[in-house]
Every structure is written in C-alpha cells, then in structure tokens.
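Here are some worked exercises to do with a viewer open next to you. Try each task yourself before you read its solution.

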Amino acid sequence: MAYTLDQFAAECRELLKADAGPAGRRQVVGKLETLLREDDFIDAYCGPDAEPGAHVLYEDPALGFQVLAHVMNNARKGGPHDHGSSWAIYGQAVAHTDMTEYRRLDDGSADGKAEIEIDREYRLERGQAGIFDDGKVHSIAYPDGARFIRVTGCDLSTIPRGRYDMAAGTMEMSYRENYKGSQ
C-alpha cells in the first residue's frame, strides 16, 4: 500500500502534537524517509515535469508546520544560515544535497558578530533525511536537477533568521522570503 502526502501530514501532526521537541522531530525524519521511498509521490511533486522553484505542499492549520517541495534545475551552493527559532528537516527526493553544519565559537552576546567553524559535512541521497534544530547554523549545496522536500516548524518568512559570514565573523538577522532556491 502506498504512503501518501496526506498520510505523512496527518502522522506529522500527531507526532508533533505529542512531542514538538527534538524527539518528535526525529520521528518526523523517519516518516519523511518513508515518504521519499514512494515513487508515486516523487513523480507527482519532484518528477521531471515538476515546476521549478519552491512549492508549499501542506501547511498545518493548527501547528503551523509546512511541507515544501524544492525543485531545483540549477546547481547552487548556499552560505551559512539558520532558521531562527524554527527547525527544518530536509529529505532528498532526486540527486543529492551536500549538507554542512557549523558550530558557533562565540557566546552570541555581541550583536552582528558570530564566529563559526565547520562541525560536520555529509551528503543526503534519495530517501535520506536530516534535521537542523532551532538556531542550528548550516548550509546546503546541490547539483543541477536536485529535488528535496523540506519540512519546517513554521512559515520561515514570518520569523527573523540569521545569515553568517564566516570570513568576516559577522551575522545578520532579518526577515526574508521563504527559500526559493536556484531554479
């Protein structure tokens, strides 16, 4: 029996209602990996005929979490950033995404300043998912034709998020549009 977007959204809702913290989110990672093994789901939302860009597939009316499909025709390497007070789970649908996680070396007390270093690097292949908890600094890079599903704790455009310049040792918090990717 096929696992569908509707089933995934309903199970996420129940898991996050029971535990909105890291343990509940880790269970969502497992459910996303199950969804990413469904060829019908991949074909419908991330297949070769999918419209490029980022598309909200589901937004939970009570909890506010979103499920987005990112259909990226052009390769991109993004800079270090965080999702502010939210979290994000990335799940690979087509091709791969290289993930980099950073560690903050400063205490965050000086406005506009941030010293970071690379903590961990890994690659997500189809069917794999990874999580960045609240405030976790990370960056992603992907090749032409990559597609991934991202589950976020809220509409990220509604909260301030940080962008980091590793060389300059700076960080800028701002509200910005939801990530559209390199289309």
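K17 and E14 are three residues apart in helix α1, which means about one helical turn separates them. Helices here are DSSP runs of H or I with at least four residues, strands are E runs of at least two, and both are numbered from the N terminus. Before going further, note that this is a predicted model: local features need pLDDT of at least 70, side-chain atom pairs count only at pLDDT 80 or more, and totals for chains, interfaces and linings use all residues. Residues are numbered from 1 along each chain as its sequence is written, and side-chain values use heavy atoms, with hydrogens and water left out.

Task: work out how the side chains of K17 and E14 meet, and how exposed K17 is.

- Step one, the geometry. An α-helix has 3.6 residues a turn, so residues three or four places apart point the same way.
- Step two, the contact. The two side chains, K17 and E14, form a salt bridge at 3.7 Å, N to O. The rule asks for a side-chain nitrogen of Lys or Arg within 4 Å of a carboxyl oxygen of Asp or Glu.
- Step three, the surroundings. K17 is exposed, at 55% relative accessible area, while E14 is partly exposed at 45%. The classes are buried under 20%, exposed over 50% and partly exposed in between, using a 1.4 Å probe and protein chains only.

**Salt bridges across the chain**

Task: count the salt bridges, then say which parts of the chain the R25 and D133 pair links.

- Step one. The count comes to 13 salt bridges.
- Step two. R25 and D133 are bridged through their side chains, 2.9 Å from N to O. This pair ties together distant parts of the chain, with R25 in helix α2 and D133 in the loop between β7 and β8 (138–142), 108 residues apart.
- Step three. R25 is buried at 8% relative accessibility, and D133 is partly exposed at 21%.
- Step four. Now look at D119 and K136, whose closest N and O atoms are 3.9 Å apart in another salt bridge. Here D119 belongs to strand β6 (residues 116–125) and K136 to the loop between β7 and β8, 17 residues apart. D119 is partly exposed at 35%, and so is K136 at 24%.
- Step five. Follow the shared partners: R25, R26, D133 and D134 end up in one salt-bridge network.

Task: find which residues of α2 are buried and what they pack against.

- Step one. α2 covers residues 22–35, so 14 residues. From first C-alpha to last, α2 reaches 20 Å, close to the 20 Å expected at 1.5 Å a residue (that is, 1.5 Å times one less than the number of residues).
- Step two. G24, R25, V28, V29, L32 and L35 are the buried ones. They span an arc of only 155° around the axis, so they sit on the same side of α2; the arc is taken over the directions from the helix axis to the C-beta atoms.
- Step three. Their packing partners are α1 (5–18), α3 (39–46), β4 (88–94), β7 (129–132) and β9 (147–152), with contact meaning heavy atoms within 4.5 Å.

Task: sort residues of α3 into buried and exposed.

- Step one. F41, I42 and C46 are buried. Down the axis of α3, the buried residues fall within a 95° arc, so they line one face of the helix.
- Step two. D40, D43 and A44 are exposed on the other side of α3.
- Step three. The buried residues of α3 pack against α1, α2, β1 (53–59), β2 (66–71), β4 and β9.

**Rings**

Task: how many aromatic pairs does the structure hold?

- Step one. There are five. Rings of Phe, Tyr and Trp (its six-membered ring) pair if their centres lie within 6.5 Å; planes under 30 degrees apart are stacked, over 60 edge-to-face, and the rest tilted.
- Step two. The F41 and Y45 rings have centres 5.0 Å apart and planes at 45°, so this pair is tilted. F41 is buried at 4%, whereas Y45 is partly exposed at 30%.
- Step three. Y58 and F65 are tilted too, with ring centres 5.7 Å apart and planes at 45°. Y58 is buried at 16%, as is F65 at 1%.
- Step four. Y90, F132, Y142 and F148 make up one aromatic cluster.
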